[in-house]
Amino acid sequence: MRKSALNKWTDRSFFAVGLIATLTGLGVLLILLTDVLTDGSGRLSWQFLTSYPSRRPEEAGILSAWAGTAWIMALTGVIAFPLGIMAGIHLEEYGKKNWFTGLIEINIANLAGVPSIIYGLLGLGLFVRTLALGRSVIAGAATLALLILPIIILSTREALRSIPFSIREASYALGSTKWQTIRYQVLPAAMPGILTGTILAMSRAIGETAPLITIGALTYVAFLPASPVSAEFPFINLNGLSDAFTVLPIQIFNWVSRPQKGFFANAAAGIIVLLTITFLMNAVAIWLRHRYQKKIRW
Amino acid sequence: MYRLTAIILTAAIAAMLTVLVYAGPVVKIDGSSTVYPVTEAVSEEFQKIERWIKVTAGISGTGGGFKKFCNGETDISDASRPIKEVEVKTCREHGVEYIELPIAYDGLAIMVNPKNNWVDYLTVHELKKMWEPASQGKVTRWSQIRHGWPDTEMHLFGPGVDSGTFDYFTDAVVGKSGASRGDYTASEDDNVLVQGIATDAFALGYFGTAYYENNKDVLRLVPVDDGNDADGKGPFLPTHENVVNGTYQPLARPIFIYVSKKSAGAPEVKKFVEFYLKEASKLSTEVGYIPLPQKAYELARKRFEKRTTGSVFGGRGAQVGVKIEDILRREE
């Protein structure tokens, strides 16, 4: 009797501790959001979203910054997503277990913990100088893609590992090849997990400043990368890839360090825009995950 | 479905290969974050007139800027100190010749909390006692700086070691660039320093005057005496006048842009630099710096016209107590 009373008490106190832990995180987030919203919401306007940087805080805007962030994030996804997933599939489904794959595995896990500025230096040496891509959108996106690749590979492998082996055996038993098994059984089932990992990785990349400053992302850019859609054949214009760019965190960082107080409100408003983009990005990924989850019927 | 994807992919790759990578005329600038506000202001005005010329500016620091500049990656480098010997060498190795142009003065302000009622002025000697490496852990109380000052703790605030301001201050006050005590609150973000001094009655710190101008209500400026009566007697405040006539020494420094000679041949860079020198006086004042005397801008314009390369500072990096027009005249 006493034992069970103690157990009940432990049960309740664990619930309380868990609740407190959750509320702490939420509370801090709430304070941060209120602070940023009170400081920045007054500055949020159409003019702010459609103007270029200026020395006068009230005229300055973040058009080049949010457009740059949108370009970089889209491209980073396009590069890192297929590469990461394919590498993950190879390591998990095809790779033989020997010392060599063991070595690769350890290295990938280590890479996930390397400080981001190191990736900036790699990007500067490899993409900007050796491949002569210059300080361009494509060099920035490739650098961030490298940065998040290990996280995507690791989460892909975790997701693949969580698929019961019996599913694969059933598929083989029906005469599927290995590729068919992966393509039609394993990958769709693992997709929700892979997407969760990708959300986390992309959210890390969107806030990065150090590697982009290292490869030479700029602060003052008063033009946009060329539009990807053109009116003439072949209707795709990739000039934008080689344009110079800036991103939201760099613009925010610059405003925070300026002496004029008016720039602080701009920085807060910039943070609101950055948060909104992150939320939108996550919302799309969660919607995708939901769609895939509905498809699984075992 | 698959065929469509394949066609789109092929088209995309084909487009990538055929589209000529040409972005139109661009003026590429990078370097000091101290000089950045002036460059930003000039670029902003320039692009109102020259819509088709793109100007880009970064903030990788004076040293980081020179690395890119000497590698031929940028047209113009912002610098809060003259070019150093190592940088001169790298530039020479890569065949990058440069035209050095001063654009404004930046005064370093010594700041205390408004509640501090004992510090009336400071001599350079006293500043040295506060900041030199030998004082680390030893000179920690106000009474150790001057007799009669309260026997309370002294809290020091200053920029971090990556900053050009740190290089200049240590050179001017301690006598050796980079020689500083380490036990002070350091931040690359000057607004953190402002906050620190504003909330601590026993604090003292140094940073650019622009930050004082925007925080006059929470900081008190301290006059500085360099002990050299030849350049004016007595302690001086970093006012516009004192900086320009050379009495606020040694804590006033010129800031520069370096233009690559090869880039200066391009019409867009030439136009931009000419515009920069024309507007520097007005725009540097607007963003919180002190303009050079008109004569100095004229000399700089001539220097650019003649494409005079090299540094008048001889690659010695930060130099203390220079009057820019004297140096430019030396070269005439």
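Predicted model: local features only at pLDDT ≥ 70, side-chain atom pairs only at ≥ 80, totals over all residues.
I'll start with the extent of the contact. Chain B puts 38 residues into it, and chain A puts in 33 residues. The area buried between chain B and chain A comes to about 3100 Å². Carbon and sulfur atoms give 50% of that area. On the chain B side, the residues that lose the most area to chain A are B:Glu40, B:Glu44 and B:Ile59. Together those three account for 17% of what the chain B side buries.

Eight salt bridges are found across the interface of chain B and chain A.

Which elements of chain B each supply at least two residues of the side that touches chain A? There are helices α1 (2-18), α2 (36-49), α8 (209-213) and α11 (267-286), along with strands β1 (26-31) and β2 (54-57). The largest share comes from α2(B), with eight residues. By type, the chain B residues that touch chain A divide into 20 nonpolar, nine polar and nine charged.

Last, strand pairing. Strand β1 of chain A, residues 220-221, is joined to β2(B) by two bridges. The two strands run antiparallel. Within this pairing, A:Val221 stands opposite B:Thr56 of β2(B).

Key: Residues numbered from 1 in each chain as written. Chains lettered and ligands numbered in written order. Heavy atoms only, no water. Contact = heavy atoms within 4.5 Å. Buried area = accessible area lost by both parts, 1.4 Å probe. Salt bridge = Lys/Arg side-chain N within 4 Å of Asp/Glu carboxyl O. Helix = DSSP H or I, 4+ residues; strand = E, 2+ residues; numbered from the N terminus. Nonpolar A, V, L, I, M, F, W, Y, C, P; charged D, E, K, R; others polar. Pairing = 2+ DSSP bridges.
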